[in-house]
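Have a look at the structure first, then read on.

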Amino acid sequence: MTAVRTPAVPPAPSAAAVPTARRLPAGARLAWLHLRSRRVPSALLALALCAGALRAVLHWHLMNGGALAQQGPMVIEAGAAALAAMTTHSPFGEPERAAGRWLPYLRLGTALALAGIAIGALQLGVTGASLPGGVLILARNVIGITGIGLLASLVTGGLLAWIPVFGYLGFAEYALNASWRSPWTWPVRPPADRGAWICAAAVFAAGLAAVAVRGARTSLADNG
């Protein structure tokens, strides 16, 4: 009776033996799943709408004269910053934190990319129009207010990070009407104000670091 021989199963290649070109799609897929879980595609669409709204405000002079000329763009810039902060929300919570070793890098990259896209989209929307303060004020407002939203997400969670953002917006509009000169009211300071830039950049850097390391709060019981 002839014995039936089964072919030997070759050992699985180690991770080091897999070519880099074959590992890249897995990394790209991980990044895409992370972006989808944070609703980044929807945020990009909303940023495009913000750019269109800013264009409409400037083109048709919907808010013109005095403080209103600055307040309109400030509201839209704060809205774009709030969108970037709200994408820190995770639908998975603690299991994702325990299993995702690339999670801090994905959080950092997503926040940086969305802040940059927000600035680029708004600047594209005002191309050919007269924006008070120009692109420097726009960029400073977006990065600084995004930083506020990122820091707030550690306490409120990503979905409610817009609340402190618009709270700061109300404070900035009061500072505009009262002619305050504090660098912490950077939305109302001139483009070349070094103190305002330092404050906005410091808040943004702190928000990026905090979100990358800890992530947004996922529930009221989340103390980690």
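Let's begin with Arg-189, which counts as buried because its relative accessibility is 17% (buried means under 20% relative accessible area, exposed over 50%, partly exposed in between, with a 1.4 Å probe and protein chains only). This is a predicted model, where local features need pLDDT of at least 70, side-chain atom pairs count only at pLDDT 80 or more, and totals for chains, interfaces and linings use all residues. Residues are numbered from 1 along each chain as its sequence is written, and side-chain values use heavy atoms, with hydrogens and water left out.

**The salt bridge**
- What does Arg-189 form a salt bridge with? The partner is Asp-193, and the closest N and O atoms are 2.8 Å apart (a salt bridge is a side-chain nitrogen of Lys or Arg within 4 Å of a carboxyl oxygen of Asp or Glu).
- Asp-193 is buried too, because its relative accessibility is 16%.
- Searching the whole structure turns up one salt bridge.

**The overall build**
- The chain has eight helices and zero strands (these are DSSP runs numbered from the N terminus, with helices being H or I of at least four residues and strands E of at least two).
- Read from the N terminus, the elements go α-α-α-α-α-α-α-α.
- The chain has 224 residues, and 42% of them count as buried.

**Helix H5**
- H5 covers residues 103-125, and at 1.5 Å a residue its 23 residues should span 33 Å (the expected span is 1.5 Å times one less than the number of residues).
- The end C-alpha atoms of H5 are 32 Å apart, which agrees with that expectation.
- Quite a list of H5 residues is buried, including Leu-103, Arg-107, Thr-110, Leu-114, Ile-119 and Leu-122.
- Gly-125 also sits in H5, and it counts as buried because its relative accessible area is 12%.
- Gly-125 and Ala-53 are 72 residues apart along the chain, yet their C-alpha atoms are separated by 8.3 Å.

**The aromatic rings**
- The model has five aromatic pairs (rings of Phe, Tyr and Trp, using the six-membered ring of Trp, pair if their centres lie within 6.5 Å; planes under 30 degrees apart are stacked, over 60 edge-to-face and the rest tilted).
- One of them joins Phe-171 and Trp-180 edge-to-face, at 5.6 Å centre to centre and 65° between the planes.
- Phe-171 is partly exposed, with a relative accessible area of 34%, and Trp-180 is partly exposed as well, at 37%.
- Trp-180 also pairs edge-to-face with Tyr-174, at 5.3 Å centre to centre and 85° between the planes.
- Is Tyr-174 buried or exposed? Tyr-174 is exposed, because its relative accessible area is 51%.
- Ring pairs tie Tyr-168, Phe-171, Tyr-174, Trp-180 and Trp-186 into a cluster.

**A cavity inside**
- The whole structure holds two cavities of 30 Å³ or more (on a 1 Å grid over the protein atoms alone, a cavity is a set of points where a 1.4 Å probe fits but cannot get out, and lining residues have an atom within 4 Å of a point).
- The second largest cavity has a volume of about 70 Å³ (the space filled by probe spheres set on the points, which are joined across faces, edges and corners).
- Its lining includes Gln-70, Met-74, Glu-77, Leu-131, Ile-137 and Pro-187.
- H3 (68-86) and H6 (134-156) each supply at least two lining residues, and the largest share, four residues, comes from H3.
- The lining splits into seven nonpolar, two polar and one charged (Ala, Val, Leu, Ile, Met, Phe, Trp, Tyr, Cys and Pro are nonpolar, Asp, Glu, Lys and Arg charged, and the others, Gly among them, polar).

Methods: 1 Å grid on protein atoms, 1.4 Å probe; cavity = no way out; pocket = protein on both sides within 12 Å on 5 of 7 lines; lining within 4 Å.
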